[in-house]
Amino acid sequence: MIDLKGISKWYPVGGVKTFVLNGIDLSVREGEFLSIMGPSGSGKSTLLNIIGLLDQPSEGYHYFMGEGIHLIKEKQRSALAKAHIGFVFQAYHLIDELTVYENIETPLLYHKVSASERKALVADMLDRFQIVGKKGLFPSQLSGGQQQLVGIARALITKPSLLLADEPTGNLNSKQGEQIMELFKTLNEEGVTIIQVTHSEKNAGYGSRIIHLLDGKIDKEEQGQA
Amino acid sequence: MINDYLKVAWRSLVRHKATSLINLGGLAVGMAVALLIGLWISAELSYNRGFAHYDRIAQVMEQRTSNGVVYTNDAVSFPMGDALRTNFGGDFTHVVMSSFPNDHILKIDDKVLSVHGRFMDKEAPQMLTLQMTAGSAKGLDDPHGILISASTARTLFGASNPIGQTLQIDNTLPVQVSGIYQDLPHNSDFSGLGFIAPWSLYITSESWIMRTAAQWDNNSFQLFVQLADPHSLEAVNRRISTIKQSHIDKEFQKYQFKEFLHPMSDWHLRSHWNDQGLQAGGQITYVWLFGIIGLFVLLLACINFTNLSTARAQSRGKEVGIRKVVGCRYHQLLGRFYCESLLLVSLAWAAAIVLAGLALPYFNRIAAQQIRFPWTSPLFWLVCAGFAGITSLLAGSYPAFYLSALRPLKMLKGGAMTGEYSSWSRKALVVAQFTISIVLVIGTLVVYRQIQYSRDRPIGYSRNGLILIDMKSPDFYGKYDLLRNRLMGEKAIADMAESSSPVTSLFHTNNGFSWPGKDPGLDGFFGTVWVTHDYGRTVGWTLRQGRDFSRAFAGDSSGVVLNEAALHIMRLKDPLGKEIRWNGKAYHVLGVVENMIMESPYDPVRPTLYFLDYDNVNWMVLKLNPAQGAATSLAKIKAAFHRYIPAAPFDYQFADEQFAAKFATESRIGMLAAVFAVLAIFISCLGLFGLVSFMVERRTREIGIRKVLGGSVFSLWRLLSEEFAALIIIALVVATPVSYYLMAHWLARYVYHTGMAWWLFAIAGCGILVIALLTVSVQSIGAARANPVNNLKSE
């Protein structure tokens with residue numbers, strides 16, 4: 001599904017290039033559950049952003065769903081991301097002025113889905129995450145775990161084939177975190193490719209493959225428990 | 001989709017109540033001002049439009065040239081009317097001679113009323129398309145008929161039918177009411193016209209009028225015409241321009257008389273001619289002026305709106321980032337933000353309409369108008385809606401484009417809004433706002449100084465406790481000694497006199513004077529005032545040379561008193577005793593008095609000659625006893641008048657009030673300018689307040705860090721405030737030359753004008769700087785004093 005060859009990203013600081021990613025080669029098959037680990041500053045989030053088509057590498061080849069990302073224009077890139085990728089953020093990033101229902105509905109507005117269909121899809125999602133009673137509440141009225149659930153629901157509403165999660169349990173306590181990881185496991189079993197960035201060994205273990213980044217390079221790779 | 005946008009827009013407004021209120025408040029005030037000015041301008045432009053023949057009616061004006069200066073006047077001579085009818089009959093549908101409008105006494109049985117009215121040719125009702133509520137528009141055909149306005153009818157006759165009843169005008173002319181017309185609209189030059197009596201009656205009412213029937217050089221009447229072809233104005237002007245010049249005596253031809261038509265559409269707005277005889281604006285100048293001010297105030301409010309919207313970018317960036325990540329396109333984001341602008345602008349409009357409605361009575365009072373809200377006019381609402389649309393487009397564009405172009409990743413990382421570009425344009429806008437405000441403030445100050453300067457000009461007489469009474473009917477005449485002795489005996493007055501012009505106007509000017517050493521090429525028009533012996537003492541003029549009129553010298557009946565301006569023009573070295581000839585009669589100079597300002601306080605005093613005459617007088621002037629209260633004195637005077645002149649209502653004016661009325665226009669301008677200046681500053685400071693709060697929010701961490709490192713409250717306050725202080729100073733630097741230029745231009749219209757001292761600009765600048773700093777300090781001091789622990793908590 002995803003092929004990265006020789007991906008590097010640097011920032012010019014003064015006259016010197018500061019490398020965040022340095023020659024990354026990575027392949028991800030469909031249906032995989034990949035965990036990316038590494039210390040702070042190792043470039044994990046940057047790598048995830050590049051995979052998610054939110055950012056562009058300074059050099060390298062990037063293939064996604066058979067398309068050469070480094071070859072196509074911005075417009076096509078965002079169309080591709082819109083169609084296949086769902087993003088879950090560490091800080092949830094919900095729109096504070098919208099209710100839970102409306103937050104989940106938001107991606108559908110940009111996918112040309114009719115109103116009645118939207119209603120049905122959101123209702124399904126609320127059911128699945130068992131937050132039907134909370135659909136009229138605003139993010140500020142929810143706990144951290146509930147907000148993250150909403151974030152994941154939003155990422156999933158468009159039925160993406162790839163789910164990217166940047167430290168999804170970072171702001172949650174252990175019990176809530178476990179809940180989320182179990183959810184990911186279930187999703188993966190249903191066929192969604194998942195790539196997560198995490199600090200926690202325990203969480204990383206849910207994945208079928210774990211890669212460790214150090215100073216912008218892949219340090220080592222290992223198998224997970226999945 | 002739109003629903004969605006509106007929902008989010010509304011909720012986002014409610015969440016940030018403080019900002020929204022500031023934004024809304026500033027915008028609403030700016031719009032209310034624009035609305036009021038818009039209504040005022042439309043009222044000014046609609047003057048006289050109530051007349052059906054608006055585009056055909058004109059007044060005949062005359063110009064003469066004397067010593068290189070062109071004088072323009074609306075007074076014409078008796079033969080003019082017939083000359084137009086005879087020679088140019090085809091060009092005009094109606095030719096209507098008229099007396100100058102004046103207050104006349106109307107008496108029915110015991111009821112006596114002072115009514116403003118005219119004597120006009122019988123076609124007047126047709127020309128003015130009077131709406132008759134009773135009787136006939138042909139009522140003036142009857143030489144003893146009179147047409148009265150509906151309000152006059154109500155006051156004089158109450159509920160009974162006025163038609164056919166007999167009235168007396170000025171206690172001498174009996175007339176029968178032959179028609180009642182609806183009151184003429186307030187915004188017309190004929191408003192307040194209480195009656196119209198026949199011209200044919202007028203010319204027999206006083207002997208002097210018929211004497212002028214063949215005199216081309218006596219201008220004592222008005223003349224109105226209705227063109228047959230509304231497009232023929234230019235052509236007709238050319239044809240009639242030399243009509244007087246060709247009839248006048250040879251010796252007067254040097255004045256190059258020129259007649260022309262002043263169309264009704266110009267009466268209200270363009271009634272000012274310069275001394276080259278060219279039309280030089282008039283009220284239209286103020287229409288332009290306030291139109292521009294209104295637009296600028298609106299601009300200020302829009303600048304506020306833009307500034308505050310972009311300043312909030314940081315807190316909005318997150319939403320933009322999220323939406324972009326889930327697939328929102330650029331144009332959809334634009335739509336989202338335009339919707340929010342439209343919502344805010346619409347709310348502001350609603351608030352503005354309420355504000356304007358509430359302020360309208362006060363505005364009417366200041367502007368001396370009777371503007372009404374056109375609730376029922378669809379055009380009004382259309383214009384409002386259009387305006388709201390345009391404002392939200394203009395004000396909302398910049399924030400919409402700016403926010404929609406933000407990069408999602410930066411936003412989601414919580415990246416600080418470092419964009420220096422954005423901060424640059426905001427700063428430029430703040431400078432623009434304060435420049436406009438400073439210009440307005442300086443303008444206001446200069447207007448007030450000009451008024452003060454003119455008020456302080458030595459007036460040449462003593463205007464306190466001086467009352468003026470119009471001698472409207474023959475009953476007023478021949479009572480001079482009677483009234484004077486009685487009132488002085490009762491100690492109601494210090495003195496009393498009569499004169500041909502009240503002390504606050506100069507009605508008559510004449511030429512044809514000669515004096516020793518006169519330059520033959522010079523032909524001056526002098527003001528001429530006929531007075532009684534006691535005039536000088538009554539008004540308190542100051543003798544510079546010689547003496548006042550005195551009963552001790554019988555020869556004073558051919559005496560004349562000059563004012564200093566006359567002396568200057570005549571260039572007489574030792575004027576006392578010198579002979580001045582006029583109309584074949586010889587006068588000798590008794591004395592010279594200090595110039596009295598009888599006309600405009602902004603113009604030089606006209607050279608004037610004062611003659612002794614007890615018959616040629618029209619106004620009584622009484623000096624109230626200063627040792628007594630005015631109310632007491634007036635009561636005694638009223639009683640005396642009722643005794644000796646029972647047939648006339650007792651109407652009087654205070655000279656100082658009449659004089660103050662000369663400043664009416666400038667006072668009005670000054671007050672309006674002051675109000676707008678205050679509002680402009682208010683709006684600008686609102687905007688500043690909002691900006692400061694965002695700056696403080698943005699620099700919260702920086703402030704906390706500096707405090708921890710040892711910064712004092714004062715140094716922090718200075719840090720936060722200095723960039724704004726710098727902006728205000730830049731605004732001051734820009735505003736000074738601009739306002740200097742503008743005000744110098746305005747002052748040049750007045751012959752007597754004040755200068756513009758440097759401290760004027762300094763005061764305005766310092767004042768605004770202080771106000772702005774206070775606004776900034778409210779927030780920056782609070783921020784400087786906050787506990788750093790709160791600021792430095794990480795999210």
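A crossing is left-handed if the near helix is turned anticlockwise from the far one by less than a right angle, and right-handed if clockwise. This is a predicted model, in which local features need pLDDT of at least 70, side-chain atom pairs count only at pLDDT 80 or more, and totals for chains, interfaces and linings use all residues. Residues are numbered from 1 along each chain as its sequence is written, and chains are lettered from A and ligands numbered from 1 in the order in which they are written.

Helices are DSSP runs of H or I with at least four residues, numbered from the N terminus. α2(B) passes α13(B) in a right-handed crossing. Helix α2 (residues 17-45) of chain B packs against helix α13 (residues 330-367) of chain B at about 50°, with the axes 7 Å apart; axes are lines fitted to C-alpha atoms over the stretch in contact, and angles run from 0 to 180 degrees between N-to-C directions. α2(B) is therefore oblique to α13(B), the class left after under 35 degrees (roughly parallel), over 145 (roughly antiparallel) and 65 to 115 (roughly perpendicular).

Two residues are in contact if their C-beta atoms, placed from the backbone, lie within 7 Å. Contact joins 17 residues of chain B to 16 residues of chain A. On the chain B side, α1(B) gives the most, with 5 residues.

How values were computed. Helix = DSSP H or I, 4+ residues; strand = E, 2+ residues; numbered from the N terminus.
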